[in-house]
Amino acid sequence: MRLRRNPHAKEILMNHPLVDVATNHHKGSWKSRFSNPHNPLNVELGTGKGQFLAKASSAYPEMNWIGIEKIEEPLVKAVLKGTETENENLRYLWMDILELTEVFAEGEVNRFYLHFSDPWPKARHAKRRLTAPSFLNQYKQLLHPDGDLILKTDSLSLYEYSLEMFTDNGFEFLASSRDLHHSIYASENITTEYEEKFASRGNPIYYVKVKPCK
Ligand SMILES: C[S@@+](CC[C@H](N)C(=O)[O-])C[C@H]1O[C@@H](n2cnc3c(N)ncnc32)[C@H](O)[C@@H]1O
């Protein structure tokens with residue numbers, strides 16, 4: 001994603017009431033950052049410009065939502081979009097996904113969303129894929145016992161790699177489609193910016209929902 005540099009981005013994020021900077025201060029108590037702390041916590045990894053979160057937090061007010069993003073420019077756009085909704089169940093975390101286990105406690109997350117993550121196609125970069133075993137072990141640790149994970153991608157290679165990694169690393173499959181927009185899951189799907197871009201070119205969207213095996 002190429003966005004023009006915003007010289008005010010850092011300042012906006014540092015001072016915005018909906019944004020937390022990577023911190024372990026709320027580890028285990030993220031829900032208390034929301035007006036309804038009893039609601040389950042859903043986390044999108046790599047929120048980008050934030051369309052999904054703004055729409056999902058409106059569609060599911062009975063859930064709390066956090067978007068994680070490390071790059072300032074898209075995050076500012078996401079935060080402004082989220083602010084417009086006036087939803088109280090929506091926050092943003094300015095951090096690197098690599099720090100996930102420092103920021104969240106065991107069992108704290110109801111659902112992770114991986115939306116159009118970088119496929120890192122070169123074999124030597126496989127460890128950077130967000131469905132590499134080291135990441136899957138972290139998600140397992142942080143997910144609530146009834147929690148799950150949803151992945152959407154336009155990359156067939158990332159999709160097939162992810163299916164293999166889920167199988168090999170103790171996840172069970174709840175749903176999947178190689179053409180989400182023409183599947184039985186289409187009606188409940190909330191699109192992201194990247195998803196709309198790829199779908200408008202006629203590309204299929206790959207989808208899978210998994211949960212850790214008990
Ligand atoms: C391809 S974009 C997808 C954005 C959005 N999810 C969508 O579907 O439209 C991936 C996003 O993940 C963010 N990202 C990649 N690696 C990250 C990391 N290690 N920590 C936090 N954000 C990351 C990027 O900055 C980028 O905004």
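1. Basis. The model is predicted, so that local features need pLDDT of at least 70 and side-chain atom pairs count only at pLDDT 80 or more, whereas totals for chains, interfaces and linings use all residues. Residues are numbered from 1 along each chain as its sequence is written, and side-chain values use heavy atoms, with hydrogens and water left out.

2. Ligand shell. The ligand is surrounded by 16 residues, the closest being Gly46, Glu69, Asp96, Ile97 and Thr192; a residue is counted here if one of its heavy atoms lies within 4 Å of the ligand. By class the shell holds 6 nonpolar, 5 polar and 5 charged residues, where Ala, Val, Leu, Ile, Met, Phe, Trp, Tyr, Cys and Pro count as nonpolar, Asp, Glu, Lys and Arg as charged, and the others, Gly among them, as polar.

3. A polar contact here is a pair of N or O atoms within 3.5 Å. A nitrogen atom of the ligand lies 2.8 Å from a backbone N or O atom of glycine 46, and a polar side-chain atom of aspartate 96 lies 2.9 Å from a nitrogen atom of the ligand. In threonine 192, a side-chain N or O atom is 2.7 Å from an oxygen atom of the ligand. Taken alone the ligand exposes 600 Å², of which the protein buries 85% (Shrake-Rupley method, 1.4 Å probe).

4. Helices are DSSP runs of H or I with at least four residues, and strands are runs of E with at least two, numbered from the N terminus.

5. The largest pocket. The ligand takes up the space of the largest pocket, which has a volume of about 950 Å³. Of its 36 lining residues, the closest to the centre are Gly46, Glu69, Lys70, Ser117 and Asp118. A pocket is an open set of points on a 1 Å grid over the protein atoms alone, where a 1.4 Å probe fits, with protein on both sides within 12 Å along at least five of seven lines, and lining residues have an atom within 4 Å of a point. Helix 7 gives the largest share of this lining, 3 residues.

6. The second largest pocket. The largest share of the lining, 5 residues, comes from strand 6.

Note on methods: A polar contact is a pair of N or O atoms within 3.5 Å; within protein, one must be able to donate a hydrogen and the other to accept it, and residues adjacent in sequence count only if both atoms are side-chain atoms. A molecule sits in a cavity or pocket if more than half of its atoms lie within 2 Å of its grid points. Grid points are joined across faces, edges and corners, and a volume is the space filled by probe spheres set on the points.
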